[in-house]
Amino acid sequence: MTRQAFTKVEHEFLAAPRGLARIATVDRTGMPHIVPTGWKFDAENGDLLLTGRDVGATQRVKHLADKPKAAVVIDGVDETEGWKPWALIVRGDAIYDDAIGAIRLNPTAITSWGI
């Protein structure tokens, strides 16, 4: 079963943003497009906000106008106890929120490990 809500551990992780996210969108021909981006969590709405410089003028926003779906991964490696990869993957409906200058990703599928 696909999980659509963040767990308590994921909420704690999202409350203290670290690193970059990578957002994947798809163009009109179905070609994937992936780029690094800043991010923060809108706990009130349960959305990820994908931020950066002049987001509204990016290819990813143009792609979302045609296909309002995206996938995001926030990941890394904790090397304090050997090699311990961690990741949060979120897929869902995405729109460009002009009022805040960010892409708003509403989760429809969430997966995580190691966080």
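# Close-up views of a predicted model

**View 1. Strand E3 within the structure.** Strand E3, residues 47-51, is largely enclosed by the rest of the structure, because four of its five residues are buried. The coordinates shown here and in the other views come from a predicted model. E3 pairs with E2 in the antiparallel sense, over five bridges. E3 is also joined to E6 by three bridges, and these two strands run antiparallel.

**View 2. Leu-50 and its partners.** Leu-50 of E3 is the bridge partner of Trp-39. Leu-50 also stands opposite Ile-103, a residue of E6.

**View 3. The hairpin of E2 and E3.** Four residues lie between E2 and E3, which form a hairpin. In the turn, Gly-46 has a positive phi of about 75°.

**View 4. The buried side of helix H2.** Helix H2 covers residues 59-66, and its buried residues are Arg-60, Val-61, His-63 and Leu-64. These four are on the same side of H2, because they cover an arc of only 160° around the axis. In an α-helix, residues three or four places apart point the same way, because there are 3.6 residues a turn.

**View 5. The rings of Phe-13 and Trp-39.** The structure has three aromatic pairs. In the pair of Phe-13 and Trp-39, the ring centres are 6.0 Å apart and the planes are at 15°, so the pair is stacked. This pair links distant parts of the chain: Phe-13 is in helix H1 (residues 8-14), Trp-39 is in strand E2, and the two are 26 residues apart. Phe-13 counts as buried, with 9% relative accessibility. Trp-39 is buried as well, and its relative accessible area is 7%.

View 6. Phe-13, Trp-39 and Trp-86 are linked into a cluster by ring pairs. Over the ring of Trp-86 sits the charged end of Arg-18, 4.2 Å from the ring centre.

**View 7. Ile-34 on strand E2.** Ile-34 belongs to strand E2. The relative accessible area of Ile-34 is 55%; this residue counts as exposed because the value is over 50%. Leaving aside residues up to four places away in sequence, Ile-34 touches Arg-22, Ile-23 and Ala-24. Gly-19 is 15 residues from Ile-34 in sequence, and their C-alpha atoms are 16 Å apart in space.

How values were computed. Residues numbered from 1 in each chain as written. Predicted model: local features only at pLDDT ≥ 70, side-chain atom pairs only at ≥ 80, totals over all residues. Heavy atoms only, no water. Buried < 20%, exposed > 50% of the residue type's maximum accessible area, 1.4 Å probe, protein only. Arc of directions from axis to C-beta. Pairing = 2+ DSSP bridges. Contact = heavy atoms within 4.5 Å. Phe/Tyr/Trp six-rings, centres within 6.5 Å; stacked < 30°, edge-to-face > 60°. Lys NZ or Arg CZ within 6 Å of the ring centre and 35° of its normal.
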